[in-house]
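Subject: Structure handover and findings

Hello,

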Amino acid sequence: MSMDTYQVDRLTEPPDSKWLRLSQLVQLSCQTLDDEDFAGWLSLFDAVGRYEVRVYSHELRREMTWLGNDVSEMQSLLDALPNHLRDPGGLMRVASLRSFDEGPDNTARTRSSVLVYKTDVYGMTSLFACGEYRDVWTHSPTGYRLRHRILDLKTRTLGVGSHVPL
Amino acid sequence: MTQSCTSTSPAAVPKSWAQELQQRLRPQGLRSGAYIDNRIYTDATAMQAEKAGIFEKLWNFVCHESELPGPGDYRESRIADVSILLWRGDGGNIRAFVNACRHRSVKITREPSGTIGQLQCFYHLWTYANSGELVRTGVDLPGADLTGVARAKGYAKTGFDKCDFPLVELPCSTFNGLVFASLNPSVEPLTEFLGPLAEHIARVLPPELEVVHYHEADVATNWKLFSDNNREMYHVLLHYLNRKSAGYAGKDKDSLFWTLLPNGHATFGDPERNVTNYEEAGYGAGSGLTSNPLPGVGEGAQPLYYIFPDVMINIRSNVMRIDRMVPLSPGLTRVEWRGLALSTDSAEVRSTRLSNHNLVWGPLGRNLPEDLVAVEAQYKSMASGGAPYSVVAREENLAAMDDMSLREFYSEWSRRTGIPYDNMDRVATGEEPK
């Protein structure tokens, strides 16, 4: 890979306002999920937004989708959460924006590394998953909204799993 | 004069609280076999017995044929403690081998799957054909200049012959796409082991099935507790909270019955009768949960098939899930979940099936995480010794909530391990639960 791939020249410039804004939104997407503020999390998506969790299976040698829903389907899943028996621990997502590209039609693409930590009710913390958010954003007068979030998971064993999106 | 540290006889060791509780709480009124001695889940001796008497003796489902579709494709798996390798040969047959180099025992594959004509051990380069034959040792490697370091005939003086060192081959057999292997060189034919179950599962295993979803997890529980979760139905009504108000069966409850078969196998439900009402059960309308049912399965049907000891084939109308388990220790189980669809699916139908699979059975879905939370909590209590018995006493003429399915499973387990499942103290007598 060339150094251009990693946008090395950008490192010498002060981060622009779009980078900062998108970085804040990535952080907000983590915070809303950590706080289980699902209405807040869904409000980061635009009306046709989509959330997907993908993983490459070394067993099947193909990419798999472990969850793939539009905003209304995510809403339905999250509405049912209070009825589920859940792992009583909590999750904390730690994300860091790594790259930003502006695309056509007021779109932007970002890639952020993400680590998800799980803390049980007795205070024991462990790493639950790691991966990368690959986000497509649309820009409107109200600001950036998520058109498509793909969580590309590296971790393929999630223990008991999770009812809450990662 | 110094006192000997070994003067205390074993008989003088006081009974632990858990041992006392085991005696005090032994169910008095319940008949033998209507309860389980929970030590069969936590005791290392029980695990040793089931490895030797069950997992090492019987056929084990290891993968689906679609996971190694072409010549040279291999798939790593495991039976009991042994890493094994399924490898499709040039003629199309799948063979099973112990996944260890015959030279110095290194595990020969380094990926869960792959395609390769010959496998070469990365350590000293012994190379095997997909027939298992040892093709060459490291020093025979073409082009390797070992002049002055190794002599071509270095093995000659000790009687070494490559023909004597193929990969260790294991019995391997397939049934309608399901690949089984065994560590037992004299294992019975697979069709005999499956018995009448073969006819049941043949109806729902068309040749165009393929694995499209796979995930696994090391679950902090005993393998039998997840097997129990798969084999009892009352958790379906009582545990999945989102279904509590609506119930499991919206339509044809009479078809929800157990069929218990020889060798510990079983089936539940009828593949042609509609038993589900997902909308009432809170799964949302119009999500394609029953459309495009799999061949041999009616719209809305949910038949289940159990292959002793650890496999469940669970079909929800248009998706199929196959579970298998590898016990790692009494309190740790590797569970493999496969989602299957049809190779002939259009992109749209495939997407619907995957979405349906993920909604209920994916690692981020609705039901599976609930099951795993429950069986982990169960094991924790049992391992503490504070919960010495489980009750499996319901009798309902093989209707959904009859515990007969569990009792039959454990009768077979006892027969294979020599351990009465309701009283581990009776191991020495060989007495079986009545």
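Below are the conventions, then the findings.

This is a predicted model, so local features need pLDDT of at least 70 and side-chain atom pairs count only at pLDDT 80 or more, while totals for chains, interfaces and linings use all residues. Residues are numbered from 1 along each chain as its sequence is written, chains are lettered from A and ligands numbered from 1 in the order in which they are written, and side-chain values use heavy atoms, with hydrogens and water left out.

Chain B overall

Chain B has 10 helices and 20 strands. These are DSSP runs, numbered from the N terminus: helices are H or I with at least four residues, strands E with at least two. Of the 434 residues in chain B, 54% are buried (under 20% relative accessible area; exposed is over 50%, partly exposed in between; 1.4 Å probe, protein chains only). Contacts mean heavy atoms within 4.5 Å. Among those in chain B between residues at least 6 apart in sequence, 67% join residues at least 24 apart. The accessible surface of chain B is about 18,500 Å² (Shrake-Rupley method, 1.4 Å probe). Carbon and sulfur atoms hold 51% of that surface.

A helix pair in chain B

Helix 3 (residues 44-55) and helix 10 (residues 404-417) of chain B have axes that come within 8 Å and cross at roughly 85 degrees. Axes are lines fitted to C-alpha atoms, for helices over the stretch in contact; angles run from 0 to 180 degrees between N-to-C directions. The two helices of chain B are therefore roughly perpendicular (65 to 115 degrees). Helix 3 of chain B contributes Ala46(B), Ala49(B), Glu50(B), Gly53(B) and Ile54(B) to the contact. Helix 10 of chain B brings Trp413(B), Arg416(B) and Thr417(B).

A sheet in chain B

An open sheet of 3 strands in chain B runs in the order 2-12-11, with antiparallel pairing. Pairing needs at least two DSSP bridges between two strands. Strand 2 (60-64) and strand 11 (172-175) of chain B stand at the edges; each has a single partner strand, so one side of each lacks a neighbour in the sheet. Neighbouring strands are turned by 35 degrees against each other on average, direction ignored. Strand 11 and strand 12 (residues 178-181) of chain B pair over 4 bridges. Thr174(B) stands opposite Val179(B) of strand 12.

One residue in chain A

Phe100(A) lies in strand 3 (residues 90-102) of chain A. Phe100(A) counts as buried because its relative accessibility is 3%. Its C-alpha atom is 4.5 Å from that of Thr110(A), 10 residues apart along the chain.

Best regards

Notes
Parallel < 35°, antiparallel > 145°, perpendicular 65-115°, else oblique.
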